[in-house]
Amino acid sequence: MEQQIKSQNRSCTEAILARYGKAPFFFFFLLRKLKIQICGIKSFASQIAVLIFLLGRPLVLITMPKQQANWSPYDNNGGSCVAIAGADYCVIAADTRMSTGYNILTRDYSKICKLANKCVMASSGFQADVKALQKHLAARHLIYQHQHNKQMSCPAMAQLLSNTLYYKRFFPYYSFNVLGGLDNEGKGCVFTYDAVGSYEKVGYSSQGSGSTLIMPFLDNQLKSPSPLLLPVQDAVTPLAEAEAVDLVKTVFASASERDIYTGDKLEIVVINADGINREYMDLRKD
Amino acid sequence: MFRNQYDTDVTTWSPAGRLFQVEYAMEAVKQGSAAIGLRSKTHVVLGCVNKANSELSSHQKKIFKVDDHIGVAIAGLTADGRVLSRYMRNECINYNFTYESPLPVGRLVVQLADKAQVCTQRSWKRPYGVGLLVAGLDESGAHLYYNCPSGNYFEYQAFAIGSRSQAAKTYLERRFENFTDSSRDDLVKDAITAIRETLQGETLKSSICTIAVVGVGEPFHILDQGTVQQIIDTFEIAAEQEGPAAEPDAATGQDTAVEQGAAADQGGSTDEGVAPMDI
């Protein structure tokens with residue numbers, strides 16, 4: 001106890017050392033060399049203390065190392081999303097795990113949002129931003145419906161999403177999106193985005209924490225030969241709908257093995273001419 | 001009907017304490033083609049007569065969907081009505097965005113009324129020349145409101161606005177006590193019948209009227225022409241069946257209806273002493 005109490009009474013020197021480091025002492029020794037004494041005080045640590053009191057902030061700026069912000073407005077809730085476009089269908093899938101750091105927040109959170117009749121978006125990243133983005137797009141879609149008397153097509157929604165993301169170019173939505181649906185002719189289409197709205201129409205894509213594991217596998221299975229090779233092949237896969245769904249299930253099962261942020265349950269949404277169909281599959285819970 | 005000295009400005013009172021510009025705006029509502037609304041406990045039906053400028057043009061849109069649970073029928077300056085329904089749509093979207101629940105109809109109507117009131121108290125503005133029948137469904141049930149250009153609003157069981165609306169109002173006054181427990185289909189039939197009253201002789205076709213319904217489990221939507229024509233056909237058939245026997249009665253009935261309508265108009269004009277806004 002006595003030792004504890006002793007340690008609480010830091011001497012002036014220790015206090016300055018702890019707060020400002022060695023810099024004030026070097027400054028003081030310089031003053032001493034130049035034979036400048038502060039306020040007629042004998043103890044040099046006290047002289048420093050007075051100096052700091054008098055000079056305050058400027059001294060701090062000279063002597064203190066620059067401190068970085070220790071609060072971030074973003075957090076990564078993890079998870080992976082995948083979308084595959086077919087000739088007359090589109091498969092969008094995402095896991096349902098929501099995590100923060102090394103902890104799981106919930107095992108049952110949907111990352112998939114229906115934006116329009118034939119247009120579904122899956123997003124991983126910071127789910128608060130994702131939610132805000134989804135609400136924003138839903139409101140814009142309502143306005144579109146009032147003005148045009150019809151639902152937005154998938155390519156139109158793709159452009160809207162890109163513009164919405166770029167609008168916040170200097171405080172982005174931390175949201176990695178994949179948009180899937182049927183275009184005006186009924187063919188499947190997938191659009192993939194980065195956080196600030198750069199997008200591209202592709203045949204398949206994955207985003208999120210598991211995308212580094214998933215994307216190479218999809219490339220292996222689905223990548224069409226180079227468009228330079230004739231006859232030109234379509235970006236959409238020739239696979240049947242059931243085969244594409246199986247592929248997605250395989251891909252997530254593999255990703256759950258090695259990515260800690262992917263797992264729990266898989267939510268698969270299939271859009272085709274008949275409408276939107278949803279199914280679930282269990283994944284590893286560890 | 002012209003009160004000259006005090007009617008130049010919307011911000012000038014008359015010695016009798018009336019704002020003539022606002023009353024003139026309400027006259028503009030009476031010039032528009034008819035719109036009617038009626039409600040039961042669970043449904044609200046809006047109907048309007050389609051008026052086209054000429055045979056070559058299409059008719060003006062008078063019923064607007066504001067949200068899944070709210071719709072509006074207008075009479076008067078259609079352009080003003082279009083602008084106000086855009087405002088209403090925005091309010092619904094914003095409320096939904098913030099509170100993730102539908103905007104209660106009563107709130108929307110008050111916001112609309114406040115917006116209309118502003119125009120009656122600024123010298124650089126003019127009142128909106130459109131009357132709105134706002135039909136909506138919220139937690140407290142089905143509602144039908146009428147918004148005046150004056151900034152007043154009233155809740156109604158059934159109401160009709162626009163030209164020749166008195167005939168429809170008479171019909172609705174006779175029948176309104178039954179509306180609370182009416183079924184949805186009966187309500188729609190009553191709406192079409194009320195519209196027929198305003199037509200006063202013209203044949204009732206689905207191209208001449210627009211009907212919209214909102215109710216429990218039924219988002220606001222405008223009925224398509226085919227459905228409306230079917231409903232019209234069902235009571236044309238019923239009318240034909242009673243036709244021969246009732247024709248002399250129907251003829252005298254129409255005459256008395258017209259007389260009543262004329263009497264009501266005259267009654268309205270002699271009531272000039274009572275300012276319409278005092279209702």
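A:Cys90 is in none, and its nearest cysteine sulfur, in A:Cys189, sits 6.5 Å away. The sulfur of A:Cys119 has its closest cysteine sulfur in A:Cys154, but at 3.7 Å that is too far for a bond.

Some ground rules before going on. This is a predicted model, so local features need pLDDT of at least 70 and side-chain atom pairs count only at pLDDT 80 or more, while totals for chains, interfaces and linings use all residues. Residues are numbered from 1 along each chain as its sequence is written, chains are lettered from A and ligands numbered from 1 in the order written, and side-chain values use heavy atoms, with hydrogens and water left out.

Back to A:Cys90: at 0% relative accessibility it counts as buried (under 20% relative accessible area, with exposed over 50% and partly exposed in between; 1.4 Å probe, protein chains only). A:Cys119 is also buried, at 0%.

β2(A) pairs antiparallel with β1(A), residues 80-85, over 5 bridges (pairing takes at least two DSSP bridges). A hairpin of 3 residues joins β1(A) to β2(A), and A:Ala85 stands opposite A:Cys90. β2(A) also pairs antiparallel with β11(A), residues 265-272, over 7 bridges, where A:Ile92 stands opposite A:Val269.

Key: Helices (H or I, at least four residues) and strands (E, at least two) are DSSP runs, numbered from the N terminus. A disulfide is a pair of cysteine sulfur atoms within 2.5 Å.
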